[in-house]
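Dear colleague,

Please find below the structure for your review. My notes on what was found follow directly after it.

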Amino acid sequence: MAELKTTETPVVEQAEYMAPRAASQAKWLTFEYALAMVSVTFAAITSVVLVPMLFGMWSAKEAMSFGLMLSGSITANILAVSILAVLFSVLAFVLFGRVTRAIAADRSGYTGRLAYKLTTYGSLFMIVLAALPLVANLISVLISSLLLIGVSDAGSVYTALYLGNFLPSLVCLAVLAVVVFFIGKIINGYNKSRPLAITLIAITSVVAVALAITLAVQAHDKPSIKKSNFKYNSSYLLD
C-alpha cells in the first residue's frame with residue numbers, strides 16, 4: 001500500500017501541474033487565430049475602401065489631383081493604409097501557419113471549440129456586412145440606367161455610372177466573394193487559411209502598387225498644370 005501511495009502522488013501532482021499549462025496554451029492559440037482572422041477582415045475591407053478611390057483618381061484625374069495634393073499628409077495617409085493592409089495580410093499568413101501547426105501537433109479538437117467558431121463566423125459576418133452596400137450600389141446603378149433610357153446625352157451619364165460607380169463596386173464585391181469563399185471552406189472543415197492569406201497578399205499588394213503609381217503620376221502632373229495657368233495669367237496681365 002505504501003508503494004501504491006508513493007506511485008499515485010506524483011501522477012496527481014503532475015496532472016495538477018499540467019492542467020493550467022494546457023489552458024494557457026489554448027488561450028494563446030485562440031489569440032493567434034483571432035488576430036489572424038481580424039487581419040484578414042481588415043485587409044479585405046481596406047481593399048474595398050481603396051479600390052473605388054483608385055478608380056476615382058483615374059476617372060477624374062485633374063479634379064482629384066488638386067484635391068489630393070492640397071495636403072501632403074493625405075497622400076501619405078492613403079499610402080500608409082494600403083501598406084498596412086499588405087502587412088496585415090502577411091501577418092495573417094504567418095499566424096495561420098502557426099495555428100495550423102499547433103492544431104496538427106496537439107490540438108486536434110480545437111476546431112470544434114466555441115472560441116474557434118465564434119472567431120470564424122464573426123469574420124464572415126463582418127465581410128458579408130461590408131458586401132451589402134456594394135450589392136445595393138450595383139442594384140441602384142442598374143435601376144438608374146433603366147430610368148435614364150431615352151434621356152438626351154445619356155451616354156456620358158452611363159459612362160460615369162458604370163466606370164466610376166458600377167465597375168469599382170463589382171471589383172470590390174469580387175474581392176469579398178473570394179474571401180467569403182475561403183472562409184466558407186474553413187467553416188466546412190477544409191484548411192484554406194494559407195491560400196486565403198496568399199490571395200489577400202496578392203490583392204493588397206496590387207492595390208498598394210497601383211495607388212503609389214497613380215499618386216506619383218498625379219504629383220508630377222500638378223506642376224505642369226500650375227505652370228500653364230501661370231503663363232496664361234501672366235499673358236493676360238501683360239495684355
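Ser169 is placed in helix H5. Please bear in mind throughout that this is a predicted model.

Ser169 is buried, because its relative accessible area is 6%, and the cut-off for that class is under 20%. The side chain of Ser169 makes a polar contact of 2.5 Å with the side chain of Asn137. Once neighbours within four places in sequence are set aside, the residues in contact with Ser169 are Leu134, Asn137 and Leu138.

Asn137, for its part, belongs to helix H4. Its side chain is also joined to that of Asn165 by a polar contact of 2.5 Å. If residues up to four places away in sequence are not counted, Asn137 touches Asn165 and Ser169.

As to the overall architecture, the secondary structure of the protein consists of six helices and zero strands. Read from the N terminus, the order of elements is α-α-α-α-α-α. The protein has 239 residues, of which 31% are buried. Among contacts with a separation of 6 or more, 81% are between residues 24 or more positions apart.

The aromatic residues deserve a separate paragraph. The count of aromatic pairs comes to six. One of them is the pair of Tyr33 and Tyr116, which is stacked, with 4.6 Å centre to centre and 25° between the planes. This pair links distant parts of the chain: Tyr33 is in helix H1 (residues 2-59) and Tyr116 in helix H4, 83 residues apart. Why is the pair called stacked? The angle between the planes is 25°, and planes under 30 degrees apart count as stacked. Both partners are buried: Tyr33 has a relative accessible area of 3%, and Tyr116 has one of 11%. Ring pairs also join Tyr33, Phe96, Tyr110 and Tyr116 into a cluster.

Is Tyr110 buried or exposed? Tyr110 is buried, with a relative accessible area of 1%. Leaving aside neighbours within four places in sequence, Tyr110 is in contact with Leu29, Thr30, Tyr33, Ile103 and Tyr116. With Thr30 there is also a polar contact of 2.9 Å between the two side chains. Tyr110 and Thr30 are 80 residues apart in sequence, while their C-alpha atoms are 9.1 Å apart in space.

Tyr116 leads on to the largest pocket. This pocket has a volume of about 290 Å³. Its lining comprises 16 residues, and those nearest its centre are Thr111, Tyr116, Ile186, Gly189 and Tyr190. Helix H3 (72-106), helix H4 (114-147) and helix H5 (154-187) are the elements that give two or more residues to the lining. By residue type, the lining of the largest pocket divides into nine nonpolar, six polar and one charged.

Asn191 is found in the loop between H5 and helix H6 (193-238). The relative accessibility of Asn191 is 48%, so Asn191 counts as partly exposed. Which side chains does Asn191 reach by polar contacts? The side chain of Asn191 makes a polar contact of 3.5 Å with that of Thr100, and a polar contact of 2.9 Å joins the side chains of Asn191 and Ser193. Asn191 also lies 9.7 Å from Phe96, C-alpha to C-alpha, although the two are 95 residues apart in sequence.

Val90 is in helix H3. Val90 is likewise partly exposed, with a relative accessible area of 36%. The C-alpha atom of Val90 is separated by 9.6 Å from that of Ala36, and the two residues are 54 residues apart along the chain.

With kind regards

Conventions: Residues numbered from 1 in each chain as written. Predicted model: local features only at pLDDT ≥ 70, side-chain atom pairs only at ≥ 80, totals over all residues. Heavy atoms only, no water. 1 Å grid on protein atoms, 1.4 Å probe; cavity = no way out; pocket = protein on both sides within 12 Å on 5 of 7 lines; lining within 4 Å. Points joined across faces, edges and corners; volume = space filled by probe spheres on them. Helix = DSSP H or I, 4+ residues; strand = E, 2+ residues; numbered from the N terminus. Nonpolar A, V, L, I, M, F, W, Y, C, P; charged D, E, K, R; others polar. Buried < 20%, exposed > 50% of the residue type's maximum accessible area, 1.4 Å probe, protein only. Polar contact = N/O pair within 3.5 Å; in protein donor to acceptor, adjacent residues only side chain to side chain. Contact = heavy atoms within 4.5 Å. Phe/Tyr/Trp six-rings, centres within 6.5 Å; stacked < 30°, edge-to-face > 60°.
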